[in-house]
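Hi,

Here is the structure I said I would pass on.

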Protein chains: 2
Amino acid sequence: MTRIWNFSAGPAALPEAALSKAQEELLNWHGAGASVMEMSHRGKCFTEVIREAEADLRDLLAIPENYKVLFLQGGATLQFSAIPLNLLAGRSADYMVTGAWSKKAWQEAARIGKVRLAATTEVDGRPSDGFTRFPRADEIAIDPKAAYLHLCTNETIHGVEARDESLLPEGVTLAADMSSHILSRPMEVSRYGIIYAGAQKNVGPSGLTLVIVREDLLGQAEVIPRLLDYRAQAENDSMLNTPATFAIYMAGLVFKWLKKEGGLTRMADLSHEKSARVYEAIEQSEGFYRNPVDKECRSRMNIPFRLANAELEARFVRESEAAGFMGLKGHKSVGGLRASLYNAMPLEGVAALVDFMREFAARQG
Amino acid sequence: MTRIWNFSAGPAALPEAALSKAQEELLNWHGAGASVMEMSHRGKCFTEVIREAEADLRDLLAIPENYKVLFLQGGATLQFSAIPLNLLAGRSADYMVTGAWSKKAWQEAARIGKVRLAATTEVDGRPSDGFTRFPRADEIAIDPKAAYLHLCTNETIHGVEARDESLLPEGVTLAADMSSHILSRPMEVSRYGIIYAGAQKNVGPSGLTLVIVREDLLGQAEVIPRLLDYRAQAENDSMLNTPATFAIYMAGLVFKWLKKEGGLTRMADLSHEKSARVYEAIEQSEGFYRNPVDKECRSRMNIPFRLANAELEARFVRESEAAGFMGLKGHKSVGGLRASLYNAMPLEGVAALVDFMREFAARQG
C-alpha cells in the first residue's frame, strides 16, 4: 500500500497507526461483534470509548478539574455562534482579528450580539496585504467589562501563530479557537475561559468539535438552541443527543498514539523542527519562495508561501502531485501554496517536501 | 470474524458490505494514497464522494428537482431548533405529538417561537400510557395559517409509525422527522416541505443529518446561527464549513448498497416481512410478550415489547446477549425491550430473534 505525503490543511493526515487500528477493528470492535459505529452511544462499549478519550485528552493537555470537556458537532464555525450565545449574557465581547478565521468568528458574533474590535492586523480590508503578525500587547484595546476576548491562536489560512502564550492578554476571559494547532504543544489551559477546536486537523475526522470550558462560565445562556447550550451538554456528558461516535473513537485512537509517541512536549519539539526546515528552505531560496509572515509569528502548523507568479504556482501544485505530495495548494481566498505540518506528518515527509522544493526551484532558476 | 445480531435503535447495524468496503479502503481511498477522512472536503476526490452520495440518494427517494439535499451535522435534535428558526418567520407552527421524539421537537420549538399543539396521543402526560397510535384525521386541528405542521413519521421509542402516507394532513407544509424509517420504503417527497433524519439508524454513522427541503422554503430565516441557515447551506452545497466527510462517505456506501439490493421497494417488502414475523411472535405468545401499539400504527422499524415484569425483562436482555444478540434493551424512558429492524438487519437475524423469543417464552412458561 502506498501512502502519499499529505500536507492538507484539514481534513488532514491522521497517524497511520490510528488508521490501521481502526481498520483492524472496523467490523468488530474488541470482539463485541459490531463496529464501534454500530453501537448505542449509551451502551457499555461506547461509554468506555468516550471516557477513555476524555481521560487521555485531559492527560495530554493537563486539563484542570474545573474545566469540562465536551465532544460536540458542527465544527469551529458552529462555535462562532455558540460562544456569544452562551457567554454574552447581554454584555459586549472583544474580538482580535488576526486572519480569515478570527474575522469570521467576529462577523458571526456581530450578527448575534454586541462586539468590539479589540485589535486587527488587517490592512485596509485587503487580507492579502495584512494578517502577517499577531498584534503587540500595546495594540490590543481591551474592554475590562467584556464578557470575553476572542482570539484565534493559529490562523490556518494566513499562517500566523500566537507562539508565546505568556504574551496573551491578561485579566480577561479568553475564548480561543485552537482548531489548527491544538495538541501540537503543551498549552496552559487555565489561561483560557474556553478553548475550542474542530477535530479535522490535529485530532481526528471532521464532524467532531472539542470544547474545553471553565465550569463557572456555564449556565449564562439565555434561550438558545438547546444543543448549543454548554451547560446542557456538560450535564449530559456531551450526550444530549447521539454524538459523532465514530469520530470520537478515532480521536481517542489519536490521543493514545500521542501519549505513546511522547505527548505534547515531543510534538512541540517535532513541530518546531519540521516547520524550521520548511522556513529555512523558503529563506534559502533567495526569493524564489516567499512567506510574508513576521518571523516571530510564523505558524509551526500552516506555512503559506508564494512563488513569482500564478503560473509557476500552478506548476508547483501539478508537479508536487505527480511526485507523491497532496494538499499543497493554498486556500482559495489567498492563493499560492501552503504546507500544513500537523502531528501526523513525520519528519521524513517534511524532508521529502524540502528536497522537492529545492529541486523545483533549481529547475526553474 | 463473528458479527453479532445487532437490534440497536441507533447507532444501529450497518450493511456488512458497506463496512467491508470502508475497511478495505480505509487507509487508501481508490488509490489516492490517503484515507477519505484525510482529504480536503473541497478537493476532487471528496467532491466525487459527496456528489455521488447526493445523486444516489436522489435516485433512491426520487427527490424532485425543486428540493435541496443538505448533509448537515448535529442530529435530528439540532433540527428541532433549526426548523422553527428557519421557517417560522414570525408566524406560528403546528405540532403533532405522537411519541417521545415529536414531543421533544415541540418542546424545543416552543422555546424558540410560537407553536400550537395540533394533536397529541399522549394520555394525561404519562407517556407510558399513551403514544400507542397515530391520530386520526378528525383529531388533528390544523391552523391554516401555520408556517408548517411538524410530525414524526416513525417514533423510535414508542414504536408508532405513520404507515400510510396518503392519510397525512393536506393543505399545509409538512415538516417530518423521518430519522428512524427513512429509506425503509418509497416516500412521496413532494408531500413534504422538509424531511430530516439523523443518519445513525438507516443511513450511516452518527454525526450526519440529512435535510431535504423544498427550495421555496429557503431564505425565510431571520438572524440565526449562520450554520443553521438552510439557504446559506444550500448555496454552499452543505460546505459552509467542513462537513462530516467520513460519515457522508459511509452514507454513500450505504446508498450504493441499497441500490444494488433493489432499492426502497425491496426494502419496503423486507421490512414488512421482518416486522410481521416479530409481531407474529408477540401475538402468538399468548400474552407472554406484549406490544401496546394499535395494529395499523405498529412500526416496521422499532418494535417495543414488554414481559410480565422487570425481572423477566432483565433476564431476557442477559440471555439474549449471551445468545449473540445486541441492543434489545428498551429505551430507558419506557423500559422493557425493543427490537429495531433497520435495512441492514437481514431476515436471517430476525428469524434467529424469533426463535430465541419462542424458546425463551417456552422455558419460562
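Below is what I found, starting with some ground rules.

This is a predicted model, where local features need pLDDT of at least 70 and side-chain atom pairs count only at pLDDT 80 or more, while totals for chains, interfaces and linings use all residues. Residues are numbered from 1 along each chain as its sequence is written, chains are lettered from A and ligands numbered from 1 in the order in which they are written, and side-chain values use heavy atoms, with hydrogens and water left out.

Chain A as a whole

Chain A has nine helices and 13 strands (DSSP runs numbered from the N terminus: H or I of at least four residues for helices, E of at least two for strands). Its C-alpha trace spans about 60 × 55 × 30 Å along the principal axes. The radius of gyration of chain A is 21 Å, which agrees with the value near 21 Å for a compact globule of 365 residues (taken over C-alpha atoms; the globule rule is 2.2 Å times the number of residues to the power 0.38). Of the 365 residues in chain A, 62% are buried. Buried means under 20% relative accessible area, exposed means over 50%, and partly exposed is in between, with a 1.4 Å probe and protein chains only.

Salt bridges

Over all chains there are 55 salt bridges (a side-chain nitrogen of Lys or Arg within 4 Å of a carboxyl oxygen of Asp or Glu).

- Glu319(A) pairs with Arg363(A), with the closest N and O atoms 2.6 Å apart. This pair links distant parts of the chain, from helix α8 (residues 310-322) to helix α9 (residues 347-364) of chain A, 44 residues apart. Glu319(A) is partly exposed at 23%, and Arg363(A) is partly exposed at 43%.
- Lys259(B) pairs with Asp59(B), and their closest N and O atoms are 2.7 Å apart. Here helix α6 (residues 245-261) is linked to helix α2 (residues 44-61) of chain B, with the two residues 200 apart. Lys259(B) is partly exposed at 35%, whereas Asp59(B) is exposed at 53%.
- Asp216(B) pairs with Arg214(B) at 2.6 Å between the closest N and O atoms. Asp216(B) is exposed at 51%, but Arg214(B) is buried at 19%.

There is also a network: salt bridges with shared partners join Glu52(A), Asp56(A), Asp59(A), Lys256(A) and Lys259(A).

Most residues other than glycine have a negative phi, and most peptide bonds are trans. Against that background, these are worth a look.

The bond from Gly10(A) to Pro11(A) is cis, with omega near -5°. Pro11(A) sits in the loop between β1 (5-6) and α1 (16-24) of chain A. In chain B, a cis peptide bond joins Gly10(B) and Pro11(B), with omega about -10°; Pro11(B) lies in the loop between β1 (5-6) and α1 (16-24) of that chain.

Asp237(A) is not a glycine, yet its phi is positive at about 50°. You will find Asp237(A) in the loop between α5 and α6 (245-260) of chain A, where it is exposed at 60% relative accessible area. Ser238(B) also has a positive phi, near 65°, and is in the loop between α5 (230-235) and α6 of chain B. At 4% relative accessibility, Ser238(B) is buried.
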